[in-house]
Amino acid sequence: MNRDNQWRRVADRFGFPVDDEIKVGGKYTPVLIDGDMAYVAGQIPRIGETVHFVGCAGDTISLEEARQAAGVSALRALSLIHRACGSLDAVVSVPRISVFVRSAPDFTLQSEVADGASDVLFEVLGESGVHTRTSVGVLQLPKGAVAEVDFIFRIRPPGN
């Protein structure tokens, strides 16, 4: 199946409009391409102007909601890669993701939250979406989001 079509199907399921602008929250580039590597800055679960899933996992946010937040973050990253490369077919692999989970003091399921991002990457990219990852609990994240995920993609550089 075409990755771009699969990405759109998954995004529809999450209520994420892939053609909307991806708002950047500071003075940085959201994607930096260096040769065959694309580094995507940390993505929070923002859809349009609204940050969804604000709160702490294990307190005001359930495990399932936190997983959805990580999934939306992955969809944002895929949108940025799609815009930078013209197609998700340019993705060769995903060597690494880092998942930060705003966690209640006794919440220990950060890896299960990270599965939300991992599941989206695998569903859209297939075997190319298999990756290494780190998931950690933190006290705060930008805009109060429950999750933030950054990504490293290996790509076919534009024009290749």
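Predicted model: local features only at pLDDT ≥ 70, side-chain atom pairs only at ≥ 80, totals over all residues.
Arg 133 sits in strand β6 and Asp 115 in helix α3 (residues 110-125), so the pair ties together parts that are 18 residues apart in sequence. Asp 115 is partly exposed too, at 26%.

## Two long-distance pairs

The structure holds 8 salt bridges. One of them pairs Lys 23 with Glu 49, with 3.8 Å between the closest N and O atoms. This pair links distant parts of the chain: Lys 23 is in the loop between α1 (3-14) and β1 (31-34), while Glu 49 is in the loop between β3 (46-47) and β4 (50-51), 26 residues apart. Lys 23 counts as partly exposed at 32% relative accessibility, whereas Glu 49 is exposed at 61%.

Then there's Asp 36 with Arg 154, whose side chains meet in a salt bridge at 2.9 Å, N to O. Here 118 residues separate the partners, with Asp 36 in the loop between β1 and β2 (37-43) and Arg 154 in strand β7 (residues 147-155). Asp 36 is partly exposed at 32%, and Arg 154 is partly exposed at 31%.

## Arg 76, a buried charge

Arg 76 belongs to helix α2 (residues 63-85). It's buried yet has no salt bridge; Glu 148, the nearest side chain of opposite charge, is 9.0 Å away. Leaving out residues up to four places away in sequence, Arg 76 touches Phe 16, Ile 22, Lys 23, Gln 43, Ile 44 and Arg 46.

After α2 comes Gly 86, with a positive phi near 90°.

## Thr 132, on strand β6

Back on strand β6 (residues 132-138), have a look at Thr 132. This residue is partly exposed, with a relative accessible area of 42%. Beyond residues up to four places away in sequence, Thr 132 touches Val 94, Pro 95, Arg 96 and Ile 97. With Arg 96 there's also a polar contact, side chain to side chain, at 3.3 Å. The C-alpha atoms of Thr 132 and Asp 150 are separated by 12 Å, with the two residues 18 apart along the chain.

Note on methods:
Residues numbered from 1 in each chain as written. Heavy atoms only, no water. Helix = DSSP H or I, 4+ residues; strand = E, 2+ residues; numbered from the N terminus. Buried < 20%, exposed > 50% of the residue type's maximum accessible area, 1.4 Å probe, protein only. Lys, Arg positive; Asp, Glu negative; His and termini not counted. Salt bridge = Lys/Arg side-chain N within 4 Å of Asp/Glu carboxyl O. Contact = heavy atoms within 4.5 Å. Polar contact = N/O pair within 3.5 Å; in protein donor to acceptor, adjacent residues only side chain to side chain.
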